[in-house]
Amino acid sequence: MKPIAPGTVVFHRYRGYGVLMAVNLLTGWVSVRFGSEQRCIDLCLSSDELQYANGEPILFRREAPDRMPQARLMAMMRCLHQGGYQRLYLYVWPQPSGMHWRWHLFAGRRDWIQRPWREGWYGSGSDYAFNPVMGWGDSPGATSDELIEALARFDPDGLAQALGKDEEHTGWFAGVCDALLPGYTYSMGGMPGHGFGGSLPVHPVRTSLKAYDGAALSWPPGWRNMFRWRRESQPCRHLLMI
């Protein structure tokens with residue numbers, strides 16, 4: 001469906017044209033200001049028959065929007081990998097509450113633990129649910145090409161660090177994209193209390209999608225070796241503590 005974000009012009013048959021001031025993609029409740037009214041009115045997208053400015057109905061439950069941006073980020077990354085920016089990686093993990101997933105793009109050396117943090121290269125579904133943008137000057141509903149263009153303008157030095165080859169990770173990521181896009185994304189951390197399991201956790205990005213039932217996906221290159229090193233080094237720390 002079309003983007004639903006603060007600033008979107010909508011139409012209501014009793015109140016006329018208005019502007020969305022706040023949006024919650026989890027519940028479907030929005031705050032709308034109509035005409036010259038000073039206060040906002042809270043309406044439900046599922047039952048209050050709001051329309052886009054062109055008269056198209058907003059079918060919030062029937063055509064649910066993406067509540068998290070990871071699938072869009074994956075599609076953008078695949079385009080960049082194909083253009084030679086293979087040293088670009090996406091780390092996804094759940095918040096402690098389990099309600100949202102955090103995401104972190106990083107470039108350069110593939111290190112899942114010591115990841116470089118750059119402004120605008122990370123975010124959370126808890127923020128995206130109220131303002132569906134990545135945070136680097138992009139607009140809601142931007143295509144992969146538009147996201148790349150906005151990121152290149154926002155942080156050209158950071159994007160330049162992704163230029164180079166990492167064929168092992170690029171091959172793995174392409175297979176994951178083929179299996180999951182456009183409706184699903186992966187997580188590199190299990191839900192709280194569930195551990196990591198044998199295969200890569202997969203989650204839908206919209207509430208209208210059923211649980212993923214495709215082929216099991218492997219963890220990214222270097223992931224298991226990293227945790228095996230940590231397990232092997234753990235007894236040494238216990239001995240030092242004793």
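Where in the chain does Asp155 lie?

1. **Overall composition.** The structure under review is a predicted model. The protein comprises six helices and ten strands. Of its 242 residues, 45% count as buried. Among contacts in the protein with a separation of 6 or more, 54% are accounted for by residues 24 or more positions apart.

2. **Asp155.** The opening question has a direct reply: Asp155 is found in the loop between α3 and α4. Its relative accessibility is 9%, and Asp155 therefore counts as buried. The Asp155 side chain makes a polar contact with the side chain of Arg118, at 2.7 Å. When neighbours within four places in sequence are left aside, Asp155 is in contact with Arg118 and Trp121.

3. **Packing of α1 and α3.** Two packed helices are described by the angle between their axes and by the distance between those axes. For helix α1 (residues 70–82) and helix α3 (residues 144–154), the axes come within 9 Å and cross at roughly 75 degrees. Since angles of 65 to 115 degrees count as roughly perpendicular, α1 and α3 are therefore described as roughly perpendicular to each other. On the α1 side, the residues that meet α3 are Arg72, Ala75, Met76, Cys79 and Leu80. Their counterparts in α3 are Ser144, Leu147, Ile148 and Leu151. By class, the residues of this contact divide into seven nonpolar, one polar and one charged.

4. **Leu80.** Leu80 is in helix α1 and is buried, with a relative accessible area of 4%. Apart from neighbours within four places in sequence, Leu80 is in contact with Tyr85, Leu88, Ile148 and Leu159. Of these partners, Ile148 belongs to the α3 residues that α1 meets. Leu80 and Leu159 are separated by 79 residues in sequence, while their C-alpha atoms are 9.8 Å apart in space.

5. **Salt bridges: Arg15 and Glu37.** How many salt bridges does a search of the whole structure find? The search finds eleven. One of them joins Arg15 and Glu37, with the closest N and O atoms 3.1 Å apart. Arg15 lies in the loop between β1 (9–12) and β2 (16–23) and Glu37 in the loop between β3 (29–34) and β4 (41–44), so this pair ties together parts 22 residues apart in sequence. Both partners are in the intermediate accessibility class: Arg15 counts as partly exposed at 43% relative accessibility, and Glu37 counts as partly exposed at 31%.

6. **Salt bridges: Arg78 and Asp178.** Arg78 forms a salt bridge with Asp178, and the closest N and O atoms are 2.8 Å apart. This pair links distant parts of the chain, with Arg78 in helix α1 and Asp178 in helix α5 (residues 167–180), 100 residues apart. Arg78 is partly exposed, with a relative accessible area of 25%, whereas Asp178 is exposed, with a relative accessible area of 58%.

7. Asp166 forms a salt bridge with Arg110, the closest N and O atoms being 3.1 Å apart. Here too distant parts of the chain are linked: Asp166 is in the loop between α4 (156–160) and α5, and Arg110 is in the loop between β7 (101–107) and β8 (122–124), 56 residues away. Asp166 counts as buried at 10% relative accessibility, whereas Arg110 counts as partly exposed at 25%. Which residues make up the network of salt bridges here? Arg110, Asp166 and Glu168 are linked in it.

8. **The cis peptide bond.** The peptide bond from Leu181 to Pro182 is cis, with omega near 10 degrees. Pro182 is placed in the loop between α5 and β9 (184–186).

9. **Ala211.** Ala211 lies in the loop between β10 (202–204) and α6 (223–241). At 59% relative accessibility, Ala211 counts as exposed. Ala211 and Tyr184 are 27 residues apart in sequence, and the distance between them is 9.1 Å from C-alpha to C-alpha.

Key
Residues are numbered from 1 along each chain as its sequence is written. This is a predicted model: local features need pLDDT of at least 70, side-chain atom pairs count only at pLDDT 80 or more; totals for chains, interfaces and linings use all residues. Side-chain values use heavy atoms; hydrogens and water are left out. Axes are lines fitted to C-alpha atoms, for helices over the stretch in contact, and angles run from 0 to 180 degrees between N-to-C directions. Helices (H or I, at least four residues) and strands (E, at least two) are DSSP runs, numbered from the N terminus. Angles under 35 degrees count as roughly parallel, over 145 as roughly antiparallel, 65 to 115 as roughly perpendicular and the rest as oblique. Contact means heavy atoms within 4.5 Å. Ala, Val, Leu, Ile, Met, Phe, Trp, Tyr, Cys and Pro count as nonpolar, Asp, Glu, Lys and Arg as charged, and the others, Gly among them, as polar. A salt bridge is a side-chain nitrogen of Lys or Arg within 4 Å of a carboxyl oxygen of Asp or Glu. Buried means under 20% relative accessible area, exposed over 50%, partly exposed in between (1.4 Å probe, protein chains only). A polar contact is a pair of N or O atoms within 3.5 Å; within protein, one must be able to donate a hydrogen and the other to accept it, and residues adjacent in sequence count only if both atoms are side-chain atoms.
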